[in-house]
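Biologist: I would like to learn how to read the features of a model such as this one, step by step. Could we begin with a single residue and then widen the view?

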Amino acid sequence: MESDSIDCMASSDVMDDDEIHHHQLSSSLSKTHSNNGNSNNSSLSSAVHPSTTSVHELLECPVCTNSMYPPIHQCHNGHTLCSTCKTRVHNRCPTCRQELGDIRCLALEKVAESLELPCKYMSLGCPEIFPYYSKLKHEALCNFRPYSCPYAGSECAVVGDIPFLVTHLRDDHKVDMHSGCTFNHRYVKSNPQEVENATWMLTVFHCFGQYFCLHFEAFQLGVAPVYMAFLRFMGDEIEARNYSYSLEVGGNGRKLIWEGTPRSIRDSHRKVRDSHDGLIIQRNMALFFSGGDRKEMKLRVTGRIWKEQQNPEGGACIPNLCS
């Protein structure tokens, strides 16, 4: 299969037969345009100026099919590819098998500078258009980019929008789904002396028209095992700041209370856990809450989610509790 390419070799004052034919054709087009007025303007423009789509295709690496960014490499025959794939093909052109060398296609890099392209998440709702070299930076932070699956029990590679991920969590990971903004969960472990870095439970709550992930897990903090509960918001960080939550655990007349703002699922589960942004219970305290002979851990974690609303008179935030 032949691939589009831009030849970046130096120009010459001497024209060969093909160049003469092209020159004559251009003159003929020019005369035709003069004779026919503006009626042929659009067709001439299409013939002389390639569309943004066709230029974008030239900027597509033939190996990985991603957009190419400087340095863009080419072989002696003008076939181009990205710098990442240059090492993958062992310095051989994937199109003609010639040695690549260290030739850069400066002309194609200059063409890219003149382009303005829509965000690749346009189909998901992003309306933005960016210069070619700014587009990649925007897409890494675009609010419309897909979310990663928030399930922490395995390395799940699924991505998608929130409704898709909710269905995925329910059907594929068999996660419990609950409606309402209060919760009361009981966690039992028969052998609390053995703690592995594993998620215990993920529960999804639906309230205020949004979805929240409640994580509860055991992991090793230094040499001591701990238990941690925290909430993540299924949406972006800015929207997550509109909500607050509390967690409470206790027993034998004592209790621990945590209040905070849920983290967005843009932050990975591990990032939230390692920042200790949640209710942390040391094992000795957890066993004390459990009572009995300390051979079995029984924890009851309760909590609620509320939405912060602005007080129109005083400007202070007042909680909007879910009934």
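Modeller: Let us start with Lys 174, which sits in the loop between α7 (162-171) and β7 (176-179). Please keep in mind throughout that this is a predicted model.

Biologist: What is the phi of Lys 174, and is the residue buried or exposed?

Modeller: The phi of Lys 174 is positive, about 55°, although the residue is not a glycine. Lys 174 is exposed, with a relative accessible area of 63%, where the cut-off for that word is over 50%.

Biologist: Staying with the backbone, which residues are joined by a cis peptide bond?

Modeller: The cis peptide bond joins Pro 70 and Pro 71, with omega at about 0°, and Pro 71 is found in the loop between α3 (52-58) and β1 (72-74).

Biologist: How should I read a helix, and which residues of α6 are buried?

Modeller: One way to read a helix is to ask where around its axis the buried residues point. In α6, which spans residues 132-141, Tyr 132, Lys 135, His 138 and Glu 139 are buried. These four lie on the same side of α6, because they cover an arc of only 100° around the axis. On the other side of α6, the residues Lys 137, Ala 140 and Leu 141 are exposed.

Biologist: For strands, what is the sense in which β12 and β13 pair, and over how many bridges?

Modeller: With strands one asks about the partner, the sense of pairing and the link between the two. Strand β12 pairs with β13 (residues 254-260) in the antiparallel sense, over seven bridges. Within this pairing Gly 251 stands opposite Arg 254 in β13, while Leu 247 stands opposite Trp 258 in β13. The two strands form a hairpin with two residues between them, and in the turn Asn 252 has a positive phi of about 55°. Strand β12 is also mostly covered, since seven of its nine residues are buried.

Biologist: Where does the largest nonpolar core draw its residues from?

Modeller: A core is read by listing its members and then asking which elements supply them. The largest nonpolar core has 32 residues, and those with the most contacts inside it are Phe 216, Leu 247, Ile 281, Leu 299 and Ile 305. At least two residues of this core come from each of β8 (182-189), β9 (198-207), β10 (210-221), β11 (224-233), β12 (243-251), β15 (279-282), α10 (283-290) and β16 (297-310). Strand β11 gives the most to this core, with seven residues. Apart from it lies another core, of 20 residues, among them Tyr 69, Ile 72, Leu 81 and Cys 105.

Biologist: Returning to loops, is Asp 267 buried or exposed?

Modeller: Asp 267 lies in the loop between β14 (263-264) and α9 (269-274), and at 17% relative accessibility it counts as buried, the cut-off being under 20%. Leaving aside its neighbours within four places in sequence, Asp 267 is in contact with Arg 232 and Val 272. The C-alpha atoms of Asp 267 and Glu 237 are separated by 8.6 Å, and these two residues are 30 residues apart along the chain.

Biologist: Finally, how many helices and strands has the chain, and what share of its residues counts as buried?

Modeller: The chain has ten helices and 17 strands, and 34% of its 323 residues count as buried. Among the contacts in the chain with a separation of 6 or more, 53% come from residues 24 or more positions apart. The accessible surface of the chain comes to about 19,300 Å², of which 48% belongs to carbon and sulfur atoms.

How values were computed
Residues numbered from 1 in each chain as written. Predicted model: local features only at pLDDT ≥ 70, side-chain atom pairs only at ≥ 80, totals over all residues. Heavy atoms only, no water. Core = buried A, V, L, I, M, F, W, Y, C linked by side-chain atoms within 4.5 Å. Buried < 20%, exposed > 50% of the residue type's maximum accessible area, 1.4 Å probe, protein only. Contact = heavy atoms within 4.5 Å. Areas by Shrake-Rupley, 256 points an atom, 1.4 Å probe, with all protein chains shown as cover. Arc of directions from axis to C-beta. Pairing = 2+ DSSP bridges.
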